[in-house]
Amino acid sequence: MESRTKLGWLPIAIVLLLIVIAFPLGRLAIFMTSSHRPGSIEEKIIEIHKGETPHEISKVLLSNDVISDADNFMLTGRLIRQWRKIKVGEYKLTPSMSPLEVFDVITSGVSLARPITVREGENMYEIADDLTAKGLSSREKFLEVCRDPKFIASLNMFQVNLPTTLEGYLFPDTYYFNRALSNADIARQMVKHFFEFWTPEQEAQAQLLGLNQHGIITLASIIEKETGAAEERAIISSVFHNRLKKRMRLQSDPTTIYGMWERYKGKIHKKDLSEKNNYNTYSVSSLPEGPIGNPGKEAIQAALHPAETPYLFFVSHNDGTHQFSRTVEEHNRAVQKFQLDRKMREGKSWRDRLRKTASTNVSGSSK
């Protein structure tokens, strides 16, 4: 009789247990499938950063009025095992979404993307300014990453000698970044894109020219700055290769500008040409320490495949093209004609010559 009495209570206990369990689960089911503010189309941009906890994420969603109950949202995420699936990113959400819909978005990895274009020839300072303007970075932090030897080594992309900065390897293209990405992530993507372009065949061609990868990219960055005329790139390249063979200084004005970039105000003066730094090719006897910008594909190809010419000098026509010369005498006559004659410069795009007489102007570049 006693055992039967105990067994008689078992179904009742099970029913009571199910009622206890079902009540909160029922509330949770309603919460999981209902939105905070049905019909609301007000968009909220939410950033989820690496290392943020469920509590921190829920708090951000609550403060932005996407959800109405942080505790229930955290519980929902645990029950449906979504917290480990959350992906870093910048997401567009609305209060009309149910918690399940919110989780669908923030675990998708499909975040908002802000375009940033690295143009051919832009240097890392200009890229840092663009990133800052788009709210993707701060100038100082991005430059810090670009100059960090530990970060550069951690990329495991440079085969031999590590460059002192990432200048030259922030490959020109249009990228899509979100604000949750770190400066390191942004720089890594740009450098990775460069190494997707650089091939073993290009490495072999560089060696045939007596240069390594870094030397070619450095030369390409100068070519990129010296001309915007595509048909001239290989000829400009030949001038610099010819000067390197003869152990002549490259004497390229853009390298002088880069060497004083942080204080550059739009003009360079004669005293700037004699300034000794690792980039000014009026004082450096060969290539500068590294690139002065980030060259595009065409400039790199020109550096790798120079035209065969006897030229050692060039001077601007003031229209984007150049007059090429074999001797200093020819060059000085071209300078007299295209730069010192005001009529030749009227109404054209030009940059003032930095030396007063043609006899002192023996630079490779006279843009």
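Which residues form one aromatic cluster? The cluster consists of Phe-158, Tyr-169, Phe-171, Phe-194, Phe-195, Phe-197 and Trp-198. The model is predicted, so local features need pLDDT of at least 70 and side-chain atom pairs pLDDT 80 or more, while totals for chains, interfaces and linings use all residues. Residues are numbered from 1 along each chain as its sequence is written, and side-chain values use heavy atoms, without hydrogens and water.

Rings of Phe, Tyr and Trp (its six-membered ring) pair if their centres lie within 6.5 Å; planes under 30 degrees apart count as stacked, over 60 as edge-to-face and the rest as tilted. Phe-194 and Trp-198 are stacked, because their ring centres are 6.1 Å apart and their planes lie at 20 degrees. Phe-194 is buried (under 20% relative accessible area, with a 1.4 Å probe and protein chains only; exposed means over 50%, partly exposed in between), its value being 0%. Trp-198 is also buried, at 9%.

A nonpolar core is a set of buried Ala, Val, Leu, Ile, Met, Phe, Trp, Tyr and Cys residues joined through side-chain atoms within 4.5 Å. The largest one has 54 residues, and Phe-142, Leu-166, Leu-170, Phe-177, Ile-216 and Ile-300 have the most contacts inside it. Helix 8 (residues 183-197) supplies the largest share of this core, 7 residues; helices are DSSP runs of H or I with at least four residues, numbered from the N terminus. A second, separate core of 16 residues includes Ile-67, Phe-73, Tyr-91 and Ile-106.

Terms used: Helix = DSSP H or I, 4+ residues; strand = E, 2+ residues; numbered from the N terminus.
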